[in-house]
Structures are given as structure tokens and as C-alpha cells.
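Please read the following report alongside the sequence and the coordinates.

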Amino acid sequence: MDIQFLGTGAGQPSKARNVSSLALKLLDEINEVWLFDCGEGTQNRILETTIRPRKVSKIFITHLHGDHIFGLPGFLSSRAFQANEEQTDLDIYGPQGIKSFVLTSLRVSGSRLPYRIHFHEFDQDSLGKILETDKFTVYAEELDHTIFCVGYRVMQKDLEGTLDAEKLKAAGVPFGPLFGKIKNSQDIVLEDGTEIKAADYISAPRPGKIITILGDTRKSNASVRLAVNADVLVHESTYGKGDEKIARNHGHSTNMQAAQVAAEAGAKRLLLNHISARFLSKDISQLKKDAASIFENVHVVKDLEEVEL
Ligand SMILES: [Zn+2]
């Protein structure tokens, strides 16, 4: 499981940072990639990665500001042009209005897609659990921005324990159907009368990962709730230390507020994105240093950077 950042800038693209988008790569887990936001030029950024657009099965939109959605029509259209590949459906989750934005863009531009899009729109009253599969559950909660905006909490379900094949062989269990029985937690008795307790040969289930990805927001209690015990929290940092007032006025956060959220939530790791083009490289190291005084495990991400979870 990895997160690859496709655009880490705030508001408008700069040479170094494109507008918002990131890919949660779940290739080992479910052979899918989930996109979070899709600012203009996201498809160009994807060309610089190993991500195959066809693998993008779900797109989650945090809010309808242009720097988070203007890349959708282009990405969706290009996704149709991959010859010799099966056309697979796609799900889009987002605030009410996302469906009309996408369908209008496709209609007026005469774009026809050879695959289906399933829209899952929500508003203030229909948040909470928005998706559950056999391996993941996704929750959304409203943040505090200038328009309706949400954050997502992606929870991987606990992973089954694995069978210790070497230990079973050593105990005299012949390789074959008995292994399957033990894997299904069934105790068995060997021909010589030896009792084999399945629990002794299966490792404990591993807790699934928790990934919290927030849209634009002022510091809010919802952010903390979404990030409780998260393995990783992706939080915007449009402003720096001392800019709390201007951040509030514009519906954004500073690096310090992001760090406070991570600390209050007991998150393990904080990744700062949505970085203003005003910040030069020396400012970026300062952003990190200042935030680290509140929450140590913090990092300011760059475009195309890949973070293993
Ligand atoms: Zn915004």
C-alpha cells in the first residue's frame, strides 16, 4: 500500500507543484488505485508514474473548488482511450453537484465514455460510512472550509493470520488438505493420535491500516475524529506559523494547526500537502521544523513523491 502525490500545491499550479490530487495505491491488496481529488493536469502527472488509468477504480472528491476537480473530464476521457484493455466501471464519490459537473463537461464536449460511471453523491445529512467492501470501509465527515468539504477515513479491515507451514511440517502434518483445515481454524488429530491445535499454527490477525485524507479545512474537531489513531494523516498546510488569522479567513490551516490535529488524534504520521507557491525550499524546511515542535513525525510532501504505508 502506497500513497503517491500527484499534485501538492494550493489553489493554482506552479512549476514545482500541480493542483490537488493523490493516488492511494492498493495494488497488492485489491489490485486497484483510488484517486483523491483530481485537479487540472492530474492525467499529465499520472503519465510520469507507473499508474495505469484503467486501474483507477474509485475517485473520491473532497469539495467542488476548481483546483480539486477540473482534471476530471480530461482524466475520464483519456481513461477511455486505452486500446486492447477491458473497459471497467468507475465509482465517483463526492459532494452533491459532482455528477452534474462531470456529465455536463462530457456532454457539451461531445465525449462518450465506453465504461460506466457510478456516482455516489452526499450532502451534510448523508455522511458517515460511504463505502464498505470486504477489505475496506470508508467514512466521510464534514470539515470547515468556505464551501461544503469533507475528509475521508479509509479503514482497512484486519488481516487474517498466516499459517506457519514450517512449524506444521516439523509437527509431522503432511502437506495437503490438512493444511487447509488448520487454516480454517479447525483442530485436527493425526493418524498417530497427535492433536494439532490450529491456533498454535496461525499468527494473530494483523490490524488493518487507517489512512486519513482531508480536504481543505480550518482546524476542526471533525479532522481530529477522522484521524484518530491513523497510520497516516494527510493534512493541508496552505499557511505557515503565525498566519493563523489569514488561514481562518480563507478557510485553511497552518502547518502548526495540522500538527495539533495529528497530535490530538494520536496519529502516527503526518504528511503536509496543499502547499502555497509562496513557499520556497528554505521555507519548506522551516514549515516542517515548526510543525515538528508539536508533532515530530511530520513531512512536507512533493509532487510525484511516493510514501509507503
Ligand atoms: Zn478549496
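Two strands count as paired if DSSP finds at least two bridges between them. Helices (H or I, at least four residues) and strands (E, at least two) are DSSP runs, numbered from the N terminus. The model is predicted, so that local features need pLDDT of at least 70 and side-chain atom pairs count only at pLDDT 80 or more, while totals for chains, interfaces and linings use all residues. Residues are numbered from 1 along each chain as its sequence is written, and side-chain values use heavy atoms, with hydrogens and water left out.

In this model Ala23 stands opposite Leu35 in β3, and β2 (residues 21–26) pairs with β3 (residues 32–36) in the antiparallel sense over five bridges.

| Helix | Strands touched | Angle between directions |
|---|---|---|
| α4 (residues 72–79) | β3, β4 (56–60), β5 (90–95) and β6 | about 170 degrees with β4 |
| α5 (residues 98–108) | β5 and β6 | about 145 degrees with β6 |

The open sheet is formed by seven strands in the order β6-β5-β4-β3-β2-β1-β16, with mixed pairing. Because β6 (117–122) and β16 (306–308) stand at the edges, each with a single partner strand, one side of each is left without a neighbour in the sheet.

Arg206 is found in the loop between β11 (195–196) and β12 (210–214); leaving aside its neighbours within four places in sequence, Arg206 is in contact with Asp158 and Leu159.

Terms used:
Contact means heavy atoms within 4.5 Å. Axes are lines fitted to C-alpha atoms, for helices over the stretch in contact, and angles run from 0 to 180 degrees between N-to-C directions.
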